[in-house]
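Subject: Structure handover and what was found in it

Dear colleague,

I am handing over the structure to you with this email, and I have written out below what was found in it. Please keep the model open beside the text, so that you can look up each part as you read.

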Amino acid sequence: MSEFTVEKFMDGQFICKSGDPATHLYFLQEGEVELISETGQFFGRIPQGQSFGEAAILKGGIRGASIRASGDVVCKVISNDQATDLLTSYSPLLVVIMEALLLQQAMNNAVKHS
Amino acid sequence: MNDNALKFSVDAERLSKLGTYFLQSKEGQDAISSGSLKGPDRLFIALASSTLLNTTVVLPGKKIIESGEQFDDAYLILSGEIQIAQKEKSYKLGAGSVIGLSEGMVGLASKFTATALTSVKVKIIPFHRVDAIIKVLPPELRAILITIIKRNLAP
């Protein structure tokens, strides 16, 4: 994954906003980010070493939440085409696994919020 | 939450009629852009049409997994309904539900018993195939998978 773009974001800067097209996923190399709801409420934090924006795997998806840098942040940025190509290069089954994990996430969210 | 309500289901009948190549079609792209086709619907169409997974039918009353058992396979429900029983909780899941994937990928035993309420058609995701792929992934890609798994396993 060394060939992917590295982007830096300053404290308080929005990396993506709710309602934006989900064109990229992010791997958080340094720092942490905050999850902000459509109504502007803080509802979670993602630490260094984790990813966010996996909905980009679904081409044409829409962001469900905004992401804001909490302190200075460095991310590896992967476009949805690059992500699909990367997953397929290891195994077409890896795309299936990723899709099934995202579907399990949608199911769990529905169960939790029902 | 002992209400036996159906907590999650996609409209499998409608989505199956759209066909295997719907997501690649102009009509499909328009449906995605307009938001009329939601994320779970798109994932279901893609997974249900995958030729990489075998399909089987679980008969009514048969247990898919019992609480405390390790998962050998994960399951995507294509049609039918299952009952989930977990301590004091009991609810139903329908088409589009994914059972045991995150748990099995990190070697956790099931915390629930899943029983077929109807004839249930499922796609099987075997962990011996999943494990073989995960072993060769670079750390960043594995971290992305682990991020989603952690979210799925969060209480």
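In this predicted model, helices α1(A) and α2(A) pack against each other at an angle of about 120 degrees, and their axes lie 5 Å apart. Because angles from 65 to 115 degrees count as roughly perpendicular and those over 145 as roughly antiparallel, α1(A) is oblique to α2(A). On the side of α1(A), the contact is made by A:T84, A:L87, A:T88 and A:Y90, while α2(A) contributes A:P92, A:L94, A:V95 and A:M98. If you sort the residues of this contact by type, you will find 6 nonpolar, 2 polar and no charged.

Chain A has 2 helices and 6 strands, and from the N terminus on its elements run in the order β-β-β-β-β-β-α-α. The radius of gyration of chain A is 14 Å, close to the 13 Å that the globule rule gives for 114 residues, so the chain is as compact as a globular protein of that length. Taken along the principal axes, the C-alpha atoms of chain A fill a box of roughly 40 × 40 × 25 Å.

As for confidence, chain A averages a pLDDT of 89, with 96% of the residues scoring at least 70. Among the elements of this chain, strand β1 (residues 5-9) has the highest mean pLDDT, 95, whereas helix α1 (residues 80-90) has the lowest, 86.

Helix α2(A) also takes part in a contact with the other chain: its axis and that of helix α6 (residues 139-153) of chain B come within 9 Å and cross at roughly 25 degrees. Since angles under 35 degrees count as roughly parallel, α2(A) and α6(B) are roughly parallel to each other, and their crossing is left-handed. Here A:L101, A:L102, A:Q104, A:Q105 and A:N108 meet B:L145, B:I148, B:I149, B:R151 and B:N152, a set that divides into 5 nonpolar, 4 polar and 1 charged.

Finally, the contact between the chains as a whole takes 33 residues from chain A and 41 residues from chain B. Of the side of chain B that touches chain A, the largest share comes from α6(B), with 10 residues, and this side divides into 26 nonpolar, 10 polar and 5 charged residues.

With best wishes

Definitions and conventions
Residues are numbered from 1 along each chain as its sequence is written. Chains are lettered from A and ligands numbered from 1 in the order in which they are written. This is a predicted model: local features need pLDDT of at least 70, side-chain atom pairs count only at pLDDT 80 or more; totals for chains, interfaces and linings use all residues. Axes are lines fitted to C-alpha atoms, for helices over the stretch in contact, and angles run from 0 to 180 degrees between N-to-C directions. A crossing is left-handed if the near helix is turned anticlockwise from the far one by less than a right angle, and right-handed if clockwise. Two residues are in contact if their C-beta atoms, placed from the backbone, lie within 7 Å. Ala, Val, Leu, Ile, Met, Phe, Trp, Tyr, Cys and Pro count as nonpolar, Asp, Glu, Lys and Arg as charged, and the others, Gly among them, as polar. pLDDT is the predictor's confidence in each residue, from 0 to 100. The radius of gyration is taken over C-alpha atoms; the globule rule is 2.2 Å times the number of residues to the power 0.38.
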